[in-house]
Amino acid sequence: GLAPVIVEALAAVLQRLRGEGALSIVLVEQNSRVALAFSSRTVVMDKGRIVYDGESTTLSADPERLTSLIGVA
């Protein structure tokens, strides 16, 4: 529910933090485009079970699979 400009600013801060060193970030985000663009690895859970664990670029490149996993593209 954040304004797009706030999401962009927050993503920039997270990118900067990630680039500063050995830091792990767990991002829970409802916007799949933001999440996939930020992360190198994605884990999708459904009802407490992992239904995808792999590279974000792989999932981004497969819109049908993304839709089947999260219900929207």
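Visitor: How many salt bridges does the structure hold?

Guide: The structure holds two salt bridges, where a salt bridge is a side-chain nitrogen of Lys or Arg within 4 Å of a carboxyl oxygen of Asp or Glu. This is a predicted model, in which local features need pLDDT of at least 70 and side-chain atom pairs count only at pLDDT 80 or more, while totals for chains, interfaces and linings use all residues. Residues are numbered from 1 along each chain as its sequence is written, and side-chain values use heavy atoms, with hydrogens and water left out.

Visitor: Which residue does R41 bridge to?

Guide: R41 forms a salt bridge with D53, with the closest N and O atoms 2.8 Å apart. This pair links distant parts of the chain, since R41 lies in strand β1 (residues 41–46) and D53 in strand β2 (residues 49–55), 12 residues apart; strands (E, at least two residues) are DSSP runs, numbered from the N terminus.

Visitor: Is R41 buried or exposed?

Guide: R41 is exposed, with a relative accessible area of 55%, whereas D53 is partly exposed at 42%. Buried means under 20% relative accessible area, exposed over 50%, and partly exposed in between (1.4 Å probe, protein chains only).

Visitor: And what does R16 meet?

Guide: The side chain of R16 meets that of E20 in a salt bridge, at 3.5 Å from N to O, and E20 is exposed, with a relative accessible area of 56%.

Visitor: Back to the strands: in which sense do β1 and β2 pair?

Guide: They pair in the antiparallel sense over six bridges, pairing being called if DSSP finds at least two bridges between two strands. T42 stands opposite G54 in β2.

Definitions and conventions. Helices (H or I, at least four residues) and strands (E, at least two) are DSSP runs, numbered from the N terminus.
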